[in-house]
Amino acid sequence: MTRLEKLQKIGLNSDETAKLLIYSDQGLRWIKNTNGLNHQKEMDKFIDNVVSKPRKKIKDFVAFVKDNYFSPEGVEVDNEDFIRRWNGAYEVLNVQD
């Protein structure tokens, strides 16, 4: 099953799925510094982590990514802001209840 199929299987629509895939790709490349050889494996692990979470946590994570990770059109994001946004979403996904 592809990453896209895994995310759609848990009820995410096309827009949500695309945004989560972009979020995970960017963060793994630029924040977690995965190398080219391991990137695809790390992407699979990240998506598996997302789909393993309770539905409420997934909904909160998706909402954070949609509302806070992507900047509005015309708004420039510097490296510090990018890291803050990515880590904020990551915390929503991984904080213990």
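Student: Which residues is Glu-16 in contact with, leaving aside its neighbours within four places in sequence?
Tutor: Those partners are Gly-11, Val-62 and Lys-66. Please keep in mind that this is a predicted model.

Student: And where does Glu-16 lie?
Tutor: Glu-16 is part of helix 2, which covers residues 14-30.

Student: Is Glu-16 buried or exposed?
Tutor: Glu-16 counts as buried, because its relative accessibility is 14% and the term applies to values under 20%.

Student: Let me turn to the rings. How many aromatic pairs does the structure hold?
Tutor: There are 10 aromatic pairs in the structure. One of them is formed by Tyr-23 and Phe-61, in an edge-to-face arrangement. Their centres are 5.4 Å apart, with 75° between the planes.

Student: Which parts does that pair tie together?
Tutor: Tyr-23 belongs to helix 2 and Phe-61 to helix 4 (residues 55-69), so the pair connects parts that are 38 residues apart in sequence.

Student: Are Tyr-23 and Phe-61 buried or exposed?
Tutor: Tyr-23 is buried, and Phe-61 is buried as well.

Student: What about the rings of Phe-46 and Trp-86?
Tutor: That pair is tilted, because the planes stand at 40°; the ring centres are 6.3 Å apart. Phe-46 is in helix 3 and Trp-86 in helix 5, so this pair ties together parts 40 residues apart in sequence.

Student: What is the relative accessibility of Phe-46? And of Trp-86?
Tutor: Phe-46 has 7% relative accessibility and therefore counts as buried. Trp-86 is at 0%, so Trp-86 counts as buried too.

Student: Which residues do ring pairs link into a cluster?
Tutor: The cluster consists of Tyr-23, Trp-30, Phe-46, Phe-61, Tyr-69, Phe-70, Phe-82, Trp-86 and Tyr-90.

Student: Now to the helices. At what angle do helix 3 and helix 5 pack?
Tutor: Helix 3 (residues 39-51) and helix 5 (residues 79-94) pack at about 50°, and their axes are 10 Å apart. That angle makes helix 3 oblique to helix 5.

Student: Is the crossing of helix 3 and helix 5 left-handed or right-handed?
Tutor: The two helices cross in a left-handed manner.

Student: Which residues meet there?
Tutor: Helix 3 brings Phe-46, Asn-49 and Val-50, which meet Trp-86, Tyr-90, Leu-93 and Asn-94 of helix 5.

Student: How many residues of each class does that contact have?
Tutor: The contact of helix 3 with helix 5 has five nonpolar residues, two polar ones and no charged ones.

Technical notes
Residues numbered from 1 in each chain as written. Predicted model: local features only at pLDDT ≥ 70, side-chain atom pairs only at ≥ 80, totals over all residues. Heavy atoms only, no water. Axes fitted to C-alpha atoms, helices over the stretch in contact; angles between N-to-C directions. Helix = DSSP H or I, 4+ residues; strand = E, 2+ residues; numbered from the N terminus. Parallel < 35°, antiparallel > 145°, perpendicular 65-115°, else oblique. Left-handed = near helix turned anticlockwise from the far one by under 90°. Contact = heavy atoms within 4.5 Å. Nonpolar A, V, L, I, M, F, W, Y, C, P; charged D, E, K, R; others polar. Buried < 20%, exposed > 50% of the residue type's maximum accessible area, 1.4 Å probe, protein only. Phe/Tyr/Trp six-rings, centres within 6.5 Å; stacked < 30°, edge-to-face > 60°.
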